[in-house]
Each structure stands twice: as structure tokens, then as C-alpha cells.
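I opened the entry with the sequence and the coordinates side by side. My notes follow in the order in which I looked things up.

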Amino acid sequence: MNTQSNESKPANNRLDNYDSVTIELFGTARLLAGKNKISITYDNPTHLWELLRKLADIEPKLVGIVISNDRNSLTKSFILNLNGDRFVTDMNEVVVSGDNVLIFSSQSGG
Amino acid sequence: MFKRKGYHGVAMLVDLDAGTSKLENIPETILRQYIGGTGLGAYFLNKYCKVNADPFGPENPLIFVTSPLVGTKITTSSKFAIVTKSPLTGFIGDSLASSYLAVELKACGFDALIIRGKCDEISVLKIEDHKIKVIKMSELALKDVTETENTVKNTFGKQYKVACIGPAGENLVRFASVSSDGGRQAGRTGVGAVMGSKRLKAIAVKGSHKTEIYDPSKLAQIRLDLAKKSVGTGTEKYRTLGTISNVSVFNRLEILPTNNFQFASHKNADAISAETLHSQNYAGNAHCANCTIGCQHFMSTNDSGKSIKGRVEYESAFALGSLVGISDPNVLIRASSLCDQLGLDTISTGVTVAWAIETMERGLLSEYTSDHTLSFGDGESLIAIIKCISQRKGLGNLLAEGTMRASRKIGNRSEEWAMHVKGLEMPGYEPRGLKTMALALAVSTRGACHNRSSAYESDFSEKVDRYKVSEDRGRITAQSEDFSAILDSMIWCKFIRKAFNNFYQESVEVLNCITGWDITVEELIKTGERINNSKKLFNIREGWQRPDDILPKRIFQDKLHTNTNEEMNLSEHDLNKMIESYYSAREWNKDGTIPHSKILELNLDNLGAKVHQSTP
Ligand code: SF4
């Protein structure tokens with residue numbers, strides 16, 4: 001049994017995009033940016049806070065609402081998850097090639 | 001008569017058989033021990049429901065309860081609870097709704113309305129302060145909730161606030177809801193079916209009583225501060241897109257139950273996501289009574305040229321969307337709005353229909369296939385079967401019994417994919433990918449419930465690995481339930497919880513400021529524990545046994561595989577380990593019963609005759 005109904009998703013692109021990270025946006029973050037995903041390339045190992053700075057450069061509308069004003073972290077309204085598996089609050093964590101960084105609301109209720 | 005600030009100190013008891021009513025004092029110790037809402041409701045249910053009462057019998061009380069916060073205009077607290085013995089589970093049933101009805105009910109001059117007996121014909125309970133009248137109104141029979149509310153207001157006056165049932169409640173659909181304020185639903189556990197069993201189509205209330213506040217100027221400051229915080233970072237999701245935002249996130253995290261929990265993501269989830277609906281169907285926001293957040297997001301569509309407007313919450317989008325394979329927003333909005341109008345709980349409706357679709361696909365509902373063809377993703381058959389359920393027509397008559405009873409009747413292993421706990425249908429949180437939530441769903445006193453704990457919050461954090469079981473889940477779940485018991489008894493809306501800096505400390509300040517009590521944080525935490533134990537005591541006296549704390553067989557039998565091909569499963573053995581850790585955290589016996597020492601510690605001996613039924 002698969003978790004996806006009827007058809008499977010494309011395989012993880014970890015090997016193909018070894019020098020880039022994909023940021024996936026949800027909710028207000030997606031509406032502000034006007035896109036679901038943003039690919040960010042980098043030369044050296046990158047901390048999450050560096051990634052957020054690059055994201056803020058690309059999508060300045062996110063600053064103040066999704067990304068904190070100092071551009072080093074998320075505002076309290078949002079939370080970060082790596083690859084759909086793990087929630088991360090330490091912005092000093094290093095992302096690796098092919099990682100997917102998910103940004104969505106920190107309010108999980110419904 | 002005792003008159004404590006923040007309360008009236010009395011409950012109104014109505015006997016529909018005799019057409020009489022009387023006031024009964026509520027001792028101050030009881031108010032302090034149970035506060036209001038679901039807590040005080042649980043106390044009254046233990047007191048007024050006869051052991052082994054038939055949920056549809058006149059002896060099952062239907063209890064409306066407000067709280068000391070109602071009437072103070074503190075943001076999000078204009079809520080009431082309905083508590084009764086659930087016709088779905090046979091255990092405690094409770095449901096909350098935000099509504100001006102709560103404010104008006106409290107203004108009638110009592111803290112709880114306890115309705116017993118049964119009317120001869122379809123009737124309305126008209127309440128003006130302490131004056132109670134049962135009025136026959138057969139013209140309301142089988143009317144939807146909007147028409148019912150409008151007719152009652154036109155008859156009695158616009159100042160009356162109305163709670164009513166739709167045709168589903170009248171037809172004793174076991175998961176019927178109670179509607180107020182033009183569609184706010186007390187949805188879960190079949191409270192509307194109990195109201196229907198009493199042939200009570202509506203209650204209409206108008207009051208002129210005020211409750212005194214111990215420290216009004218301090219309360220005004222608290223109210224202002226909280227209103228400001230309520231529009232801060234802790235409520236962003238609810239204000240901007242609403243709970244339906246969960247659809248795209250849960251789909252990505254592979255915890256969005258799809259096709260009757262056969263999958264954990266839906267290939268067309270984007271089509272029914274908040275992001276898509278807001279760009280295509282958005283028709284405005286609304287606030288509940290005295291709420292500064294305003295999480296209600298209306299969506300509009302049309303049905304054969306007729307414009308339809310309704311709220312679509314996450315739980316409706318899951319149950320009437322991914323769970324039944326739907327990815328057409330038009331169908332989702334219509335189905336959700338139809339359930340609201342007919343007075344059906346959207347979660348139980350969707351889960352029961354999903355069971356029926358799978359059962360039909362497996363060839364086990366052949367006696368019904370000449371009249372009904374159901375399949376995942378077929379929107380028109382979904383709309384048609386919802387109507388049949390509310391009318392108890394054909395297959396709808398079987399499904400009106402809920403997933404547990406329908407699957408038991410059909411047999412042939414169909415119980416294995418009947419997605420309920422204790423008879424209450426599962427909400428939209430995939431337990432195989434959320435292990436804390438798996439435990440909370442299994443042990444909750446009201447069955448598969450996402451609201452009487454917020455256990456999923458730890459799964460959405462760094463505190464635990466959501467894929468793995470661990471022994472600390474028992475403590476986390478118990479604490480989360482006790483926290484929720486305070487939320488639901490004071491009664492705060494759940495969506496404000498992240499606006500507090502320190503929930504218990506701030507709640508104590510509010511309570512003391514209203515009542516003049518000297519409650520401490522420790523006492524309030526104990527109160528949460530007492531309330532959950534009182535609910536469990538009710539279930540024990542109604543026949544709860546250890547095997548009732550379990551998840552549907554599908555959860556153990558069918559493994560899921562994530563998109564990165566990781567296995568996502570939960571064994572019965574692992575769930576039982578977590579359940580043991582939960583009983584241990586609660587200081588209960590190994591079989592899940594409550595030791596006498598705990599009953600005494602929590603002053604639950606005031607529940608009288610029921611105590612002796614618990615294991616010593
Ligand atoms: S946050 Fe939403 S559900 Fe809660 S009281 Fe406000 S509008 Fe109602």
C-alpha cells in the first residue's frame with residue numbers, strides 16, 4: 001500500500017540536485033509568494049538561517065509575516081519541517097543537497 | 001440561593017413529560033471543582049443520567065452548560081457545551097459550539113439547562129428567564145436548520161436565540177448535530193439525535209439576568225489585553241485561511257486520510273486546499289459571538305444555478321473530501337453545506353460514507369446496489385447518500401446508525417475497515433504517522449476525538465518523533481487532555497490557546513477576577529485531571545472495559561508507505577505499550593479503571609453511587 005492514492009509521486013531528487021534546496025511554502029506563505037516551491041542554489045554547506053536570508057531576498061513580502069524582521073528565523077506563526085519528516089527550530093542546523101524545507105503554520109489545530 | 005460572582009448558582013431542570021421545570025442550587029464547591037462547559041456537564045451527567053439509560057430514552061438528560069466567562073465578552077469565550085449519553089458510543093457525549101445562544105442562555109438566570117423526558121409531538125422549548133414553556137410546533141417537522149431557526153424567531157421574536165436540529169436529528173441519525181446562530185454546529189457524538197429523541201426541534205431563549213463580576217475593572221483590562229494578543233502570531237492561520245489550511249500541509253506530511261484511510265495523501269488535494277478555495281470560492285469571513293479572531297471562512301459555489309454559501313473547515317474537507325476521494329471544490333462545499341442544513345456531523349457522515357464506498361466496492365452491499373452506487377470520487381452519489389442518511393432511506397437507513405453499527409450488521413470482516421473508536425468516527429489525523437495522536441484517539445472518553453486533547457501538537461514538534469512510539473506519550477497525552485478539559489470548561493475557543501503566554505496562569509487570573517476565588521495554577525491543573533476522571537467514571541459505570549481503548553483494525557493490519565518508501569505503521573502491541581504508559585501517567589489501575597485512592601484524591605466521591613463500581 002502506498003500513502004498516495006492512485007498514482008505515486010516523482011522520486012526524491014536528492015542525487016539530481018546536489019547543490020540546491022527546495023523550499024516548499026504553504027498557507028499564507030504560499031499566497032504571499034504566489035508560488036508553491038522555490039529552489040535555492042548554494043556553494044557551501046548552508047545553515048537554515050542563511051537559507052531564510054536568501055529566501056527573504058527572493059521574496060521580500062515574506063519578511064515580517066513569515067520570516068522574522070531580522071531575517072534569521074521564522075516568526076512565531078510559522079514552523080519549519082525538513083523533508084516532511086522532522087520539525088526543526090534550531091536555525092543553525094545545516095541543510096544538505098536535495099533537502100526539502102517545508103514552511104507552514106505553527107498552529108496545527110483544526 | 002447562593003449567588004457566586006460569575007455564576008447564578010442554579011441549574012434549570014426541565015421535565016418534558018410533565019411539562020414542568022424547577023431550579024436546583026449548585027453548591028459552590030461543585031462549581032469550583034468543575035467550572036462549567038464540559039466539566040460541569042460531566043458532573044451533571046453522572047448525577048442525572050440513570051445507569052444504563054437508553055440514549056434515546058426519556059431518562060437520558062440533554063444538558064446545556066455555559067461557564068463563568070460567558071457574558072463577560074472575553075474574546076472567544078461565548079460558548080456552550082451540550083453533554084449527554086451518546087447514542088453512537090453509549091458513553092459520555094459532549095460537544096461545544098460558539099454562539100450568541102450561550103450569552104442569552106446565561107442571561108436566563110441559570111448556569112445549566114437539564115432537559116429530561118420527551119414531548120408528545122415536535123415541540124419548541126421556549127425559555128424567557130425562568131419561565132419555561134413547551135410549545136407544540138408540528139409545522140417545523142423535517143425542516144432544515146435555517147428554516148427552523150427563522151420560523152422560531154419569526155414566531156417568538158427576533159430577540160430569541162435558537163438552537164435546533166434538522167431532519168437528521170428528528171430521524172434519530174446517530175450522528176446528528178445541534179445548530180445555532182445560523183449554522184454553528186455542536187457536531188460530534190450525536191447530541192442532535194438525543195434532542196430528536198425528545199421530539200425537541202428547538203430551544204428558543206431570551207434572558208435579562210446579569211451576573212456580577214468580582215473585579216470588573218481588572219477584567220476590562222484582561223479583556224483588552226487578550227483581544228490584542230488574539231490577533232497576533234498565535235492565531236495567524238485561523239484568521240487568514242482557516243482550519244482548512246491543514247489540507248495541503250497534512251497531504252505533504254502524508255497524514256491526510258484518503259479513501260477510507262487506505263492512503264495518507266490525496267493526489268488532488270491541492271484542488272480542495274485552502275490556498276485554492278481562497279482564490280476560487282472565497283465569500284468572506286465571519287466571527288462567532290464576541291470573537292476577535294474570526295476563523296470562519298465562507299466559500300461559495302452553485303448547485304444547478306442556485307448559489308450555495310457555507311463554511312468549510314478542515315475536518316469537513318477531510319471527511320467529505322479526501323476520505324471519500326473527492327477533489328471537486330463544488331462538491332465539497334455543497335456536501336458540507338448540505339450536512340450543516342440537514343443537521344449532520346460532517347466527520348461522522350464522511351467516515352460512514354467512506355466505509356460504505358469501500359464495502360460496496362468489495363461487493364458486500366449488494367442488496368443496496370440497485371438504488372445506490374457509491375464510489376470514491378463520485379460527487380453526485382455522495383450528495384445523494386447524504387440526503388438518504390438524513391431521511392433514513394434505503395442504504396441511508398443503515399448508514400444513519402454510524403460506522404460501528406453498520407459494519408456489525410453487514411459483518412464479513414467489514415468491521416476491519418470501519419474507522420471509529422468506541423463508535424465515534426475518526427477525525428482527519430492519520431494515526432500511523434502521528435503516534436501521540438494515535439494514543440489520544442484510542443483512550444479518549446468520547447471515542448475517536450481530536451478535540452478533547454491536542455495531543456497532535458507534540459507530533460508537530462521536535463519533542464517527539466511522530467513516526468515512533470515512546471513511553472512518554474502517556475504523560476504527554478494525559479497532560480494534553482487535562483489542558484483541554486480546562487479549555488472546554490472555562491470555555492475558551494481552542495484556537496486562542498497559542499495566544500496565551502502562560503495558559504494556566506492567565507486562566508487562573510481570569511477565573512479569580514470573575515469569581516473572586518483564590519484558585520492557584522496547581523488547583524486548576526488538578527481540576528483538569530478531575531474532569532477527565534469524572535468522564536472516565538461515567539464510562540466505567542456504563543460498561544467501559546479495557547478492550548474499548550483501541551484503534552480500528554485497519555491501523556494495525558495495513559502498512560502505509562511514504563513517498564520516500566519508508567514504512568509507516570502501528571502495531572497493536574506498540575499501541576498497548578503506549579496505553580499502559582497512559583494509565584500509569586494517570587495513576588490508574590493496569591486495567592484502566594480508577595483506583596479508589598484517586599477517586600478520593602480528586603473528590604470524585606461526590607459522584608455518589610457510581611464510585612463503588614470502580615475497581616478498589
Ligand atoms: S476562533 Fe473561530 S471558532 Fe473560535 S470563537 Fe472565533 S470564530 Fe469562533
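Which residues do ring pairs link into a cluster? I found A:Phe26, A:Phe87, A:Phe104, B:Phe250, B:Phe261, B:Tyr314, B:Phe318, B:Tyr429, B:Tyr456 and B:Phe460 in it. I counted rings of Phe, Tyr and Trp (its six-membered ring) as paired if their centres lie within 6.5 Å; planes under 30 degrees apart are stacked, over 60 edge-to-face and the rest tilted.

**Basis.** I noted that this is a predicted model, in which local features need pLDDT of at least 70 and side-chain atom pairs count only at pLDDT 80 or more, while totals for chains, interfaces and linings use all residues. Residues are numbered from 1 along each chain as its sequence is written, chains are lettered from A and ligands numbered from 1 in the order in which they are written, and side-chain values use heavy atoms, without hydrogens and water.

**Aromatic pairs.** B:Tyr7 and B:Trp517 form a tilted pair, with 5.7 Å centre to centre and 40° between the planes. B:Tyr7 lies in the segment before strand 1 (10-15) of chain B and B:Trp517 in the loop between helix 20 and helix 21 (521-541), so the pair ties together parts that are 510 residues apart in sequence. Helices (H or I, at least four residues) and strands (E, at least two) are DSSP runs, numbered from the N terminus. B:Tyr7 and B:Trp517 are both buried, that is, under 20% relative accessible area (1.4 Å probe, protein chains only). I then looked up B:Phe503 and B:Tyr504, which form an edge-to-face pair at 5.4 Å centre to centre and 70° between the planes. Both of these residues, B:Phe503 and B:Tyr504, are buried as well.

**Chain A.** I read 2 helices and 7 strands in chain A, in the order β-α-β-β-α-β-β-β-β along the sequence. Of its 110 residues, 51% are buried. Among contacts (heavy atoms within 4.5 Å) in chain A between residues at least 6 apart in sequence, 49% join residues at least 24 apart.

**Lining of the largest pocket.** I listed strand 4 (78-82), strand 5 (86-88) and strand 7 (100-105) of chain A, and helix 18 (456-459), helix 19 (473-490) and helix 20 (503-515) of chain B, as each supplying at least two lining residues. Helix 19 of chain B gives the largest share, 5 residues.

Conventions: Buried means under 20% relative accessible area, exposed over 50%, partly exposed in between (1.4 Å probe, protein chains only).
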